[in-house]
Amino acid sequence: MTPGPTSPRRVVILGAGHGGFQLVASLRQGGFDGEIMLVGDEPALPYQRPPLSKDYLSGKIGLDLLLMRPEAFYRDQRVEYLAGCRATKIDRAARKVRLDSGQTLGYDHLVLATGARNRVPPLPGIQLDGVCYLRDLAETDLLRERLAAAADIVVIGAGFIGLEFAAVARARGKPVHIVELADRVMGRVVCVDTSRYFAAAHRATGVEFTFGAQAESIGGANGKVDHVKVKDGGALPADLVVVSIGVVPNAELAQSAGLAVANGIVVDERLSTADPAISAIGDCASFPCRHAGGAPTRLEAVQNATDHARCVVDRLLGKERPYTALPWFWSEQGEQRLQIAGLTNGHDRVAVRGRIDNGDFSVFCYAGDRLLGIESINRPADHAHARRLLAAGRQISPEQAADESFDLRAAAATRAP
Amino acid sequence: MPRVTYIAHNGKETILDIAIGTSVMQAAVLNGVDGIVAECGGSCMCATCHVYVTEDQLSHCPEMELGEDAMLDGTASPRQPNSRLSCQLVVSAQMDGLVVRMPEMQTE
């Protein structure tokens with residue numbers, strides 16, 4: 001692909017996570033010859049986030065294997081990477097971005113890939129030493145150190161991150177107690193069967209849960225945390241508290257520039273804001289999702305960030321298309337592997353393929369007769385087939401889904417064998 | 001260290017000495033070898049580290065698991081009998097001399 005006559009000459013990308021990095025890589029891969037400036041607020045080169053809560057936290061891999069690409073990549077690809085910088089203001093009329101370093105960058109096209117930040121609950125004691133998070137590298141480095149020394153751990157929030165962390169902590173033999181406001185794990189994203197299975201799997205490894213419970217305060221002595229108090233409950237001893245109650249999109253910069261914000265930066269199906277010179281991608285963007293009936297959707301996923309990036313690059317290079325990619329997600333929690341294809345929110349009926357009691361099953365989630373998505377537990381082949389099936393817009397009935405003699409691979413095949 | 005040769009779609013060759021236990025994908029990314037995308041970071045989730053292994057060396061590679069087999073159904077470039085996901089090719093002593101070819105595309 002060669003850049004079209006209307007391609008911008010300088011693309012500035014705010015945010016050097018998965019979306020920002022993919023944008024850089026795809027621009028050059030697509031033949032973009034102009035200037036690329038990538039602005040990241042962390043000191044390290046762009047790195048992969050998923051392993052932070054898994055192999056990096058457990059010490060299995062180091063920073064070298066986290067990096068998206070070695071330093072030479074940025075030099076060879078003529079990418080100016082501004083590390084440790086944050087944008088403070090967008091001047092849309094002048095097409096300029098001001099950074100906290102004092103520098104001002106002009107742009108022809110600006111991509112907001114600012115991601116999201118930890119949701120911090122307004123709890124007394126939240127600032128105590130020993131209260132940790134798990135989103136970026138610095139937080140993970142600190143957590144890794146604290147985990148090694150911890151005697152009692154409380155996790156607030158039973159989402160992907162909290163559970164992935166708990167699995168790593170249990171593998172080290174550390175006592176873990178998870179406090180969750182809802183009545184089940186991962187309640188926001190998975191069906192009841194999947195929640196139930198994962199809660200049991202974590203319990204079997206020694207994780208304790210308190211559901212329907214709100215952390216009321218975090219207490220400590222000499223500035224260091226020593227317990228978490230649960231509303232209408234007792235105090236749980238803790239010298240390490242991990243707060244994992246979700247994230248907030250980083251949309252303030254867009255908002256102060258007069259762009260629409262509603263649970264993220266509002267973009268159209270091409271991922272453009274109302275300003276044609278500004279796009280938004282990844283965790284910070286709220287887009288009309290074809291796989292959610294066109295409803296405004298904000299997703300926190302590597303797939304979403306990288307596919308968004310490719311869609312924007314195609315537009316910048318003169319091959320505009322709507323964003324239609326199928327969302328998919330994964331989580332590794334100890335020995336358990338969860339893979340989700342599609343968005344299963346709003347389902348009213350499920351069909352189970354495989355054996356839940358063997359920890360080897362997929363749950364096909366339907367709204368009426370319509371297949372919304374598939375949650376696969378320790379069943380990667382189902383997941384791979386499910387993605388192709390959904391991406392092709394094909395349907396199979398709940399009866400077919402539950403019948404293990406039904407050939408899922410053939411139903412999903414997008415090319416002749 | 002076992003030596004692995006990567007041949008890009010355009011014919012460009014890169015030879016790497018890889019520590020045992022590192023995957024063919026990880027070594028490629030660490031050394032900036034073009035043609036391996038590895039979007040999911042090696043979780044066998046994305047099929048963007050697709051390679052063609054020289055046929056008579058397939059038996060030196062780790063056995064293919066069901067998940068990889070299924071992911072390979074969805075590669076951007078055609079699957080061949082010698083297709084593998086390089087994140088699953090963890091280098092061992094008997095893989096010394098391995099030659100892998102990169103497909104034309106890793107993403108649609």
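This is a predicted model: local features need pLDDT of at least 70, side-chain atom pairs count only at pLDDT 80 or more; totals for chains, interfaces and linings use all residues.

Residues are numbered from 1 along each chain as its sequence is written, and chains are lettered from A and ligands numbered from 1 in the order in which they are written.

β7(A) pairs with β19, residues 278–280 of chain A, in the parallel sense over three bridges. When I say strands pair, I mean DSSP finds at least two bridges between them. Helices (H or I, at least four residues) and strands (E, at least two) are DSSP runs, numbered from the N terminus. β7(A) also pairs with β1, residues 10–14 of chain A, again parallel, over four bridges, and there Val12(A) sits opposite Leu110(A).

So what covers the faces of β7(A), buried or exposed residues? His109(A) and Val111(A) on one side, and Leu110(A) and Leu112(A) on the other, are all buried. Buried is 20 or more other C-beta atoms within 10 Å of a residue's own, exposed is 12 or fewer, partly exposed is in between, and the C-beta atoms are placed from the backbone.

Next, a loop. Gly125(A) lies between β8 (116–118) and β9 (131–132) of chain A. Gly125(A) counts as partly exposed because 19 other C-beta atoms lie within 10 Å. Leaving out residues up to four places away in sequence, Gly125(A) touches Ser217(A), Ile218(A), Gly219(A), Gly220(A) and Val225(A). Contact here means C-beta atoms, placed from the backbone, within 7 Å.

Now over to where the chains meet: 20 residues of chain A are in contact with 18 residues of chain B. On the chain A side, α2 (63–66), α3 (71–76), α8 (302–316) and α9 (380–391) each supply at least two residues, and α9(A) gives the most, with six.

Last stop, chain B. There's an open sheet of five strands there, in the order β2-β1-β5-β3-β4, with mixed pairing. β2 (13–17) and β4 (83–85) of chain B are at the edges with a single partner strand each, so one side of each is left without a neighbour in the sheet. For β2(B), five bridges join it to β1, residues 3–7 of chain B, and the two run antiparallel. Within that pair, Val4(B) stands opposite Leu16(B).

Notes. Two residues are in contact if their C-beta atoms, placed from the backbone, lie within 7 Å.
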